[in-house]
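Let's take a walk through this one together, stopping at a few helices, some charged pairs and a couple of loops. Keep the viewer open as you read.

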Amino acid sequence: MTSEYDVIVVGAGHAGNEAAAAAANLGSKVLLITMDMTKIGQMSCNPAMGGVAKGQIVREIDALGGYSGIVSDKTAIQFRMLNRSKGPAMWSPRTQNDRTRFAEEWRIMLENTPNVDFWQDSVTSLLVKDNRVFGVVTSLGIEFKAKSVVLTNGTFLNGLIHIGEKQLSGGRAGEKSSSGITEQLIQLGFESGRMKTGTPARIDGRTLDYSVMAEQKGDEIPENFSFTDLPPLTNQLSCYITYTNQKVHDILKTGFEKSPMFNGRIQGLGPRYCPSIEDKISRFADKTEHQLFVEPEGRNTVEIYVNGFSSSLPEDVQYKALQEIPGFKNCKMFRPGYAIEYDYFPPVQLKHTLETKLVENLYFAGQINGTTGYEEAACQGLMAGINAHLKINEQNPLVLGRDEAYIGVLIDDLINKGTDEPYRMFTSRAEYRILLRQDNADLRLTEKSYKIGLAREDRYKNMLNKKALSEELVKAVRNLSVEPSLINGYLVSVGSAEMKQKAKLDTLLSRPFVSLSDLLYFEEVNQITKHIQGYQRKEIIEQAEIFIKYEGYINREREMADKMNRLEDIPLKESFDYMSIGSLSMEARQKLSNIKPLTLGQASRISGVSPSDISVLMVHLGR
């Protein structure tokens, strides 16, 4: 207990686990401190991973050598690829997971990771000298020394649970909150704020009538998050869809006067895109129904998660309203929904590496930075763990650009724009989303991770093989022409016009509803491609087809990204005196002085800095 660690990670949620695993796998000696060893990797809210844009993040974590994708695949009870009817930039993988198995698998993987030690305790303060962190102090009065510290406190910093007029101190249902760290950080000069999130009631699935709900099955051919060779998911469980109605809304409204959201007891802002059911009723008064997803919590439990019914209303009001939902007439509640309010620190106080600007070797990751969601937290933890290790070993940091990963978009948004409400990733936040698809996360990121020593060699070789095979298949398709007599029957069957003359196969692929996997069934096509060993793999065919169909869009976005990246090559000194440049707008001077961007590209993405302000800076830099 007296030995010094390279990295101490405070909190064993999604962010903390990824931080600990990344730093340890890179070679750092890591101590992971958690208040409850049985809650490592706990899914505090819905038992699911991925979804729109979030699924892309999980695949990026996996491509970099993180654990979230593997844990999700091993504990999945359902897999769905969302938005298949749209273009590939929108395809988003999602798993429904076994909540208990998810936490169990996280603990197993961490316990089997060399260099990770564990300590069950609460951290009450940091050891800081000369604006440099060198360890932590726990509630037992024990001091642990370290070269760097990663804070991933989730909702535990001065956490306050709200159920109607009741207020309970806690970081999660049944778990105590953490105090001391916020107060110390404020003394050190940090700015803090309050945010809130919530969770719905848990229901006894034996008391539900599924016959009046719409069944939502998993994909017929389920895929994996991970790019490793994990076995495919079998024996999937279904989710169900039902709806609220006016009677449900009327009952909920009877509790509004006791709602902590409406009477001012909750000061923090909640997630805009995942509001509570009372917030939905208030904000969308014209709607007479809201969709609910009835999700199983695991294979060996009857507990049900009612996705879309998050609430902090009194428990008796929640229960009465639930009974009026189709299929819930005889429902029994295991526990009510609640809201939780907690401290966070506006992320403009961070560098791109997630190291704080005020205290050297101190990193923040997850909800402490104002984000919401397991996936957003996990990717921050991964990057904080990586960069903590690289920093103390005097190596260059790993910073991902907006054109390289959704992770890069998320971190860049946080540190340049900040957030005063829980930040959630969407595909619309990424200006280069055709480049940042879920299918090519390994092609984008695995080599970067391999070079710093995180991604294993087998991952790197698998990525190179995938790249070579898909490129070879693209080349073969482009060199093959087909006769109308061969292909017209197929074209008609998919609603496409017949060919009048011989045409190249890649030209045909530009048509809607024409797929490469279908074309490869034709003997003449198969003859020209069968020499490519392993090309029949689904991911190889998919990669080649996407590139051929969307090559123009991909190249256009690449050109746009390269043009913007030229601004990233123009450095700005942290000591730059923006206040002395009178031709800059006052807002730009204030924002630039506060954030201290390292490049002109970063400056251009700060909210309130206009293109004319960038032009002024370029003049001052002699550009």
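## Charged pairs, helices and loops

There are 47 salt bridges in this structure. It is a predicted model, so read what follows as computed from predicted coordinates.

Start with a simple pair. Asp-458 and Arg-456 join their side chains in a salt bridge, with 3.1 Å from N to O.

Next, go to helix α18, which covers residues 551–568. Here the side chains of Asp-562 and Arg-558 form a salt bridge at 3.3 Å, N to O. Why is it about one helical turn from one partner to the other? Because Asp-562 and Arg-558 sit four residues apart in α18. Asp-562 has a relative accessible area of 35%, so it is partly exposed. Arg-558 comes out at 30% and is likewise partly exposed.

Stay with α18 and look for Glu-568. Its side chain meets that of Arg-605 in a salt bridge of 2.4 Å, N to O. This pair ties together distant parts of the chain: Glu-568 belongs to α18, while Arg-605 is in the loop between α20 (600–604) and α21 (611–620), 37 residues apart. Glu-568 is partly exposed, with a relative accessible area of 25%. Arg-605 has 18% relative accessibility; the cut-off for buried is under 20%, so Arg-605 counts as buried. The pair also belongs to a network, in which salt bridges with shared partners connect Arg-402, Asp-412, Asp-413, Lys-417, Glu-431, Glu-568 and Arg-605.

Now for some helix packing. When two helices pack, you describe them by the angle between their axes and the distance between the axes. Take α9 (residues 374–392) and α10 (residues 406–417): their axes come within 10 Å and cross at roughly 90 degrees. The two helices are therefore roughly perpendicular to each other. Which residues meet there? From α9 you have Glu-376, Cys-379, Gln-380 and Met-383, and they meet Ile-407, Leu-410, Ile-411 and Leu-414 of α10. Sort the residues of this contact by type and you get six nonpolar, one polar and one charged.

How much of α1 is covered? Eleven of its twelve residues are buried, and the buried set includes His-14, Asn-17 and Glu-18 as well as Ala-19 and Ala-20. Just after α1, look at Gly-27, where phi is positive at about 115 degrees.

Finally, two asparagines deserve a click. Asn-158 has a positive phi of about 50 degrees, although it isn't a glycine. You'll find Asn-158 in the loop between β9 (143–151) and β10 (160–163), and its relative accessible area of 24% makes it partly exposed. Asn-361 also has a positive phi without being a glycine, at about 65 degrees. Asn-361 lies in the loop between β18 (338–344) and β19 (362–364). Is Asn-361 buried or exposed? Its relative accessible area is 2%, so Asn-361 is buried.

Conventions
Residues numbered from 1 in each chain as written. Predicted model: local features only at pLDDT ≥ 70, side-chain atom pairs only at ≥ 80, totals over all residues. Heavy atoms only, no water. Buried < 20%, exposed > 50% of the residue type's maximum accessible area, 1.4 Å probe, protein only. Axes fitted to C-alpha atoms, helices over the stretch in contact; angles between N-to-C directions. Parallel < 35°, antiparallel > 145°, perpendicular 65-115°, else oblique. Contact = heavy atoms within 4.5 Å. Nonpolar A, V, L, I, M, F, W, Y, C, P; charged D, E, K, R; others polar. Salt bridge = Lys/Arg side-chain N within 4 Å of Asp/Glu carboxyl O.
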